[in-house]
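The following exercises guide the reader through one protein model. Each task is followed by a solution worked in steps.

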Amino acid sequence: MRGICLYIIIIFAVLVSSCTPTPKDVTTVASQPEIYPDYTDVTIPAEIAPMNFGMVDDAVEAVDVVVKGSKGGEIHNTHGLFSHDEVAQFDIDEWHSLTEQNKGGTLSFTVTALKDGKWTEYKPFAMTVSTYPLDEYGIVYRRIAPGFETFSNIGMYQRDLSSFKEETLFDVKDVDGQCMNCHYANRGDANQFLVHVRGKHGATMVRSGGHDAYLNTKTENTFGSCAYGYWHPDGRYCVFSLNIPLQNFYENEHKIIEPWDGQSDIVVLDMETNQLIRTPLLEGNDFQTTPTFSPDGKTIYFSASPACEMPSEYNKVKYSLCSITFDAAAGTFGEKVDTIISGGQLDKSISIARPSYDGKYLMYCQMDHGTTPLYHKDSDLWLLDLATGETRPMDEVNSNGPDAYHNWNINSHWFVFGSKREDGFNSLPYFSCMNDDGKATKPFLLPQENPKKYYLENIHSFNAPDFTRERIDLDRREFGRKIMSDERIQVK
């Protein structure tokens, strides 16, 4: 019986492959193919999943693609039983063998496309395979409707970057429809991270030291719970903003929503004692938000703005990039706040500063006003050189749409960020390589097995993507049970 089944499978595969069009009477043109996603001239890590693509022209019936490495090796896009002839799909093992062989070299893609019964061969395009390793298992992100008006289909996911495997960490069904906030890990550590759940059964789940703790971070002396967070490198502390988040909704094609803070301060949570560390310098009527620790843990970067009459003056909110020292041994803040870049002087607003883990750069968002860059079309990524103090727009990665929510990989040569460049509506994850000269390469969209179908039918935003060095192992059922049980450790 086993032999008969194997014979049937072989015959079926042969029949399917025999129907696959083969290029003949080919016409050669001098232009490169228009492909989706646009992967021409990008730089990729050798570990990345196959960079499958389709033709922009939907009338194309089939593609035949040959990929040659400058250092040797050649592969061909798959055809037959489980492939789509109109999409260039590559075998994962063959792809990784080719990219590994060509580190520091290039891959040349020759595309031949069938349209209206005629084959056309295009001028080859190239990808560069970086010598910098990815050093990450994957990325973690929240998927949510882009307007954020509903939580009915929100979830936290992890994606293996070397393949197309996506896993649900948990979603609204596990927490009875409550909103969940972003995942924050200590330098991508799968065993040291936290995540917030908002609502009736709200909690901050912290994984550290081999166990999970469920915290209530709202105290009698604070106006809100811990929100935007970032780990101290030694893992004992997390710096947070306390926020009262509010939002305006609009009925026009250019603006849907404007999130803003009614109040926001900055605190540090001692994970060993479950106590909040505070300073009068970061409390009061002014707004302070999106804090991060420097790689050495001695400095806290954050955004700060004078208070305005909200929401009527929301467009007058101009956040500056500021810093304050922190003594981890004593568990104390410094005695003054320094302004690194003045939003008021620039007449701009600065948000979400993220230092590279090697201590060289600070990447941040700059926009006209406000604190939530993905709702501002003019939001761009900027780079501050911490050694020279020079800052510049990252023109090599910015687009006409909002670009924001960036995070570095552990070796500081790769970063991921969210961008609405596709349609101005959905935020999608893009990757870029940071070279030794401080220049970033052309961004590429997260690879998918069938990218045209996946992205063009996508109705969700990929919110706040970040790297994870290993696969996260989380028991969804136990997580949901703990959240719904209201068993909490009270922060002091």
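**Exercise 1.** Which residue caps the N-terminal end of H2?

Solution. The model is a predicted one. Step one is to locate helix H2, which spans residues 92-101. Step two is to inspect its N-terminal end, where a side-chain oxygen of Asp-91 lies 3.1 Å from the backbone nitrogen of Asp-93. The cap is therefore Asp-91, as the distance falls within the 3.5 Å cut-off for a polar contact.

**Exercise 2.** Determine which residues of H2 are buried, how they are arranged around the axis, and what covers them.

Solution. First, the buried residues of H2 are Trp-95, Leu-98 and Thr-99. Next, because these residues cover an arc of only 95° around the axis, they lie on the same side of H2. Finally, the elements that cover them include strands E3 (43-44), E5 (62-69), E6 (74-76), E8 (106-115) and E10 (125-129).

**Exercise 3.** Describe the nonpolar cores and the surroundings of Phe-415.

Solution. The largest nonpolar core has 94 residues, and Phe-53, Trp-95, Phe-109 and Phe-415 touch the most other members. Strand E19 (residues 237-249) supplies the largest share of this core, 5 residues. Apart from this core lies another, of 21 residues, among them Val-140 and Leu-169. Beyond neighbours within four places in sequence, the contacts of Phe-415 include Met-363, Trp-408, Tyr-430 and Phe-467.

**Exercise 4.** State the confidence of the model and identify a stretch with pLDDT below 50.

Solution. The average pLDDT is 90, and 89% of the residues score at least 70. Over residues 5-18, however, the pLDDT is below 50. Beyond near neighbours in sequence, this stretch has 4 contacts in the model.

Key
Residues numbered from 1 in each chain as written. Predicted model: local features only at pLDDT ≥ 70, side-chain atom pairs only at ≥ 80, totals over all residues. Heavy atoms only, no water. pLDDT = per-residue confidence, 0-100. Contact = heavy atoms within 4.5 Å. Buried < 20%, exposed > 50% of the residue type's maximum accessible area, 1.4 Å probe, protein only. Helix = DSSP H or I, 4+ residues; strand = E, 2+ residues; numbered from the N terminus. Arc of directions from axis to C-beta. Polar contact = N/O pair within 3.5 Å; in protein donor to acceptor, adjacent residues only side chain to side chain. Core = buried A, V, L, I, M, F, W, Y, C linked by side-chain atoms within 4.5 Å.
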